Amino acid sequence: MRIDGVFSGGGVKAFAYIGALEAIEERQFEFVRLAGSSAGAMVAGLVAAGYRSSELKALMLDLDLKQFLDGSKVEKYFPFLKWLSLYKTFGLYNGKALEDWLGKLLAKKGVYTFDQLESHQLKLTVADLTLGRLIVIPDDLKKIYGLSPEQFSVARAIRMSASLPYLFKPKKLYDQEARKHLIVDGALLSSLPLWLFKKPKQKLERPVLGFQLQSKEQYLTNPQINNGLAYTKTLIVTMQHALDLKYISKLNQPNIVFLNADHINIADFSLTKATREELIKIGKEKTNDFLQKQFR
């Protein structure tokens with residue numbers, strides 16, 4: 001069966017997606033279009049390039065995640081400079097190591113820019129802080145920035161979408177008039193952009209499945225707000241999910257696979273191999289349960 005897939009953000013919880021992909025492949029489902037934000041953008045991009053779950057598992061199980069925490073050499077010896085950098089550049093790490101790594105993986109599949117993918121095959125969300133709005137790459141590049149969508153780097157687009165605020169520095173994007181735009185994590189404004197493929201009153205060509213790293217309970221409800229920290233966290237979560245939940249509530253979506261990775265910290269770059277394997281197992285089990293109920 002041919003389907004479209006949308007992957008939510010969630011940092012290192014995304015190991016669960018490998019298990020989800022295993023279940024999808026065993027059912028002989030094939031992705032036609034893919035979309036994602038943040039960590040989901042990474043998965044969507046690599047799958048669009050042709051990576052299978054077995055390849056991703058081999059790549060990711062022993063991957064040193066800390067290599068992506070790329071500060072300057074000076075900061076290594078004077079750690080306080082890292083926090084000064086945060087004040088001046090809005091992020092602790094450059095994100096260049098992540099972009100370079102993605103670029104090498106995509107190059108192995110012959111993918112460098114969006115013109116090496118099928119038209120409308122991949123859509124990624126980012127947040128433009130300068131304009132204060134959600135951006136879809138590659139769709140909005142020409143209209144908003146005057147840039148060629150076909151010649152835009154896929155690795156760069158994924159890195160933009162995965163610019164977790166304060167952890168990675170915002171990516172700078174210059175439009176045709178040389179104006180600078182600060183681009184950050186797409187999950188900031190839309191964590192699960194199902195609306196990219198499933199419009200109200202629009203007849204679908206094929207099923208659209210959304211993959212959400214949270215549990216259904218965590219995704220659809222907020223925890224009790226009883227202190228300032230909980231209040232701040234709820235403000236951020238509400239901002240992330242407001243657009244998505246408005247759409248999901250309106251259409252009463254039955255097509256979201258909840259992968260229940262709530263117990264994992266999204267920025268735990270010390271994730272053990274055993275925990276990665278646990279996440280892969282959970283992802284596969286939850287996806288299999290969903291598919292058995294929805295596609296008997």
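On one side of helix α3, S54 and A58 are exposed, exposed meaning over 50% relative accessible area, buried under 20% and partly exposed in between (1.4 Å probe, protein chains only). Helices (H or I, at least four residues) and strands (E, at least two) are DSSP runs, numbered from the N terminus. The model is a predicted one, in which local features need pLDDT of at least 70 and side-chain atom pairs count only at pLDDT 80 or more, while totals for chains, interfaces and linings use all residues. Residues are numbered from 1 along each chain as its sequence is written, and side-chain values use heavy atoms, with hydrogens and water left out.

The buried residues of α3 (residues 53-60) include S53, L56 and M60. These lie on the same side of α3, because they cover an arc of only 60 degrees around the axis, the arc being that of the directions from the helix axis to the C-beta atoms. An α-helix has 3.6 residues a turn, so residues three or four places apart point the same way. The cover over the buried residues of α3 includes α1 (16-26), α2, α6 (96-108) and α11 (273-294).

The largest nonpolar core contains 73 residues; such a core is a set of buried Ala, Val, Leu, Ile, Met, Phe, Trp, Tyr and Cys residues joined through side-chain atoms within 4.5 Å. Helix α2 (residues 39-49) supplies the largest share of this core, 9 residues. Another core, of 12 residues, lies apart from it and has V6, V136, L192 and V208 among its members. The residues with the most contacts inside the largest core are F7, F31, W101, L122, I137, F152 and F211. Beyond its neighbours within four places in sequence, I137 is in contact (heavy atoms within 4.5 Å) with F114, L122, K123, L124, V126, F152, A157 and M160.

There are 4 aromatic pairs, counted where ring centres of Phe, Tyr and Trp (its six-membered ring) lie within 6.5 Å; planes under 30 degrees apart are stacked, over 60 edge-to-face and the rest tilted. F7 and F211 form a stacked pair, 5.0 Å centre to centre with 10 degrees between the planes. This pair links F7 in strand β1 (residues 2-7) to F211 in strand β9 (residues 208-212), 204 residues apart. Both F7 and F211 are buried. Ring pairs join F7, Y17, F31 and F211 into a cluster.

G11 lies in the loop between β1 and α1 and counts as partly exposed because its relative accessibility is 28%. Leaving aside neighbours within four places in sequence, G11 is in contact with A39 and I266.
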